[in-house]
Amino acid sequence: MQCRNHPDREAAAVCERFNTGFCRECCECLSDDHCAECIDPQNYCKFRTQCIIQEIERERRVSENGVANAEPLR
Ligand SMILES: [Zn+2]
């Protein structure tokens, strides 16, 4: 699978619901234009509790804010 934002790159994390991937650069938010994030965070996702992209987002918020109070999406 390829990255959603970078079709020339291999996906490092995959959204199970939309069957969409993000490359390592997106996961680590290295490019200024694209970060790995949930495609449809407003709606219920049965994969969310085990979603690696969700986890990446959460860890990014924690490292940006320096606190672990980021509420997981439901
Ligand atoms: Zn990418």
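Which hand has the link of Cys29 and Cys35, right-handed or left-handed? Keep that for the disulfide stop below.

**Before you start**

This is a predicted model, in which local features need pLDDT of at least 70 and side-chain atom pairs count only at pLDDT 80 or more, while totals for chains, interfaces and linings use all residues. Residues are numbered from 1 along each chain as its sequence is written, and side-chain values use heavy atoms, with hydrogens and water left out.

**Whole chain**

Show the cartoon. The chain has two helices and two strands. From the N terminus on, they run β-β-α-α. Both kinds of element are DSSP runs numbered from the N terminus: helices are H or I with at least four residues, strands are E with at least two.

Now colour by accessibility. Buried residues make up 34% of the 74 residues. Buried means under 20% relative accessible area, exposed means over 50%, and partly exposed is in between, with a 1.4 Å probe and protein chains only. Then turn to contacts, meaning heavy atoms within 4.5 Å. Of the contacts in the chain with a separation of 6 or more, 28% are between residues 24 or more positions apart.

**The zinc ion**

Select the zinc ion. Its donors are Cys3 (SG), His6 (ND1), Cys23 (SG) and Cys26 (SG), at 1.9 to 2.3 Å. Donors are N, O and S atoms within 2.8 Å of the metal (3.2 Å for Na, K and Ca); water is not among the atoms, so sites may look incomplete.

Check the angles. The four donor atoms subtend 105 to 114° around the zinc ion, which makes the arrangement tetrahedral. The cut-off for four tetrahedral donors is that all angles lie between 85 and 135 degrees. For reference, the ideal angle for four tetrahedral donors is 109.5 degrees.

In sequence, the donor residues are spaced C-x2-H-x16-C-x2-C. His6 lies in the segment before strand 1, and Cys23 in the loop between strand 2 and helix 1, so this pair ties together parts that are 17 residues apart in sequence. His6 counts as buried, at 11% relative accessibility.

Next, Cys26. This residue lies in helix 1. Cys26 counts as buried, at 0% relative accessibility. Leaving aside neighbours within four places in sequence, Cys26 is in contact with Cys3, Asn5, His6, His34, Cys35, Ala36 and Arg60.

**The disulfide**

Select Cys29 and Cys35. Their sulfur atoms are 1.7 Å apart, and they form a disulfide. A disulfide is a pair of cysteine sulfur atoms within 2.5 Å. A search of the whole structure finds one. Back to the opening question: the link of Cys29 and Cys35 is right-handed, with 50° about the S-S bond.

Cys45 is in no disulfide, and the nearest cysteine sulfur, that of Cys15, is 6.1 Å away. Cys45 is buried, with a relative accessible area of 11%.

**Positive phi**

Stay on Cys29, which sits in the loop between helix 1 and helix 2. Its phi is near 60°, a positive value in a residue other than glycine. Most residues other than glycine have a negative phi. Cys29 is partly exposed, at 25% relative accessible area.

Go to Asn19, in the loop between strand 1 and strand 2. Asn19 has a positive phi of about 55°, and it is not a glycine either. Asn19 counts as exposed, at 55% relative accessibility.

**Helix 2**

Select residues 52-65. At 1.5 Å a residue, the 14 residues of helix 2 should span 20 Å, and the end C-alpha atoms are 20 Å apart, which agrees. The expected span is 1.5 Å times one less than the number of residues.

Which residues of helix 2 are buried? They are Ile53, Gln54, Ile56, Glu57 and Arg60. They cover an arc of only 160° around the axis, which puts them on the same side of helix 2. The arc is that of the directions from the helix axis to the C-beta atoms. What covers these buried residues includes strand 1 (13-15), strand 2 (20-22) and helix 1 (24-27).

Last stop: Gly66. Just after helix 2, Gly66 takes a positive phi of about 75°.

Terms used. Tetrahedral: all angles 85-135°; square planar, octahedral: opposite > 155°, others 65-115°.
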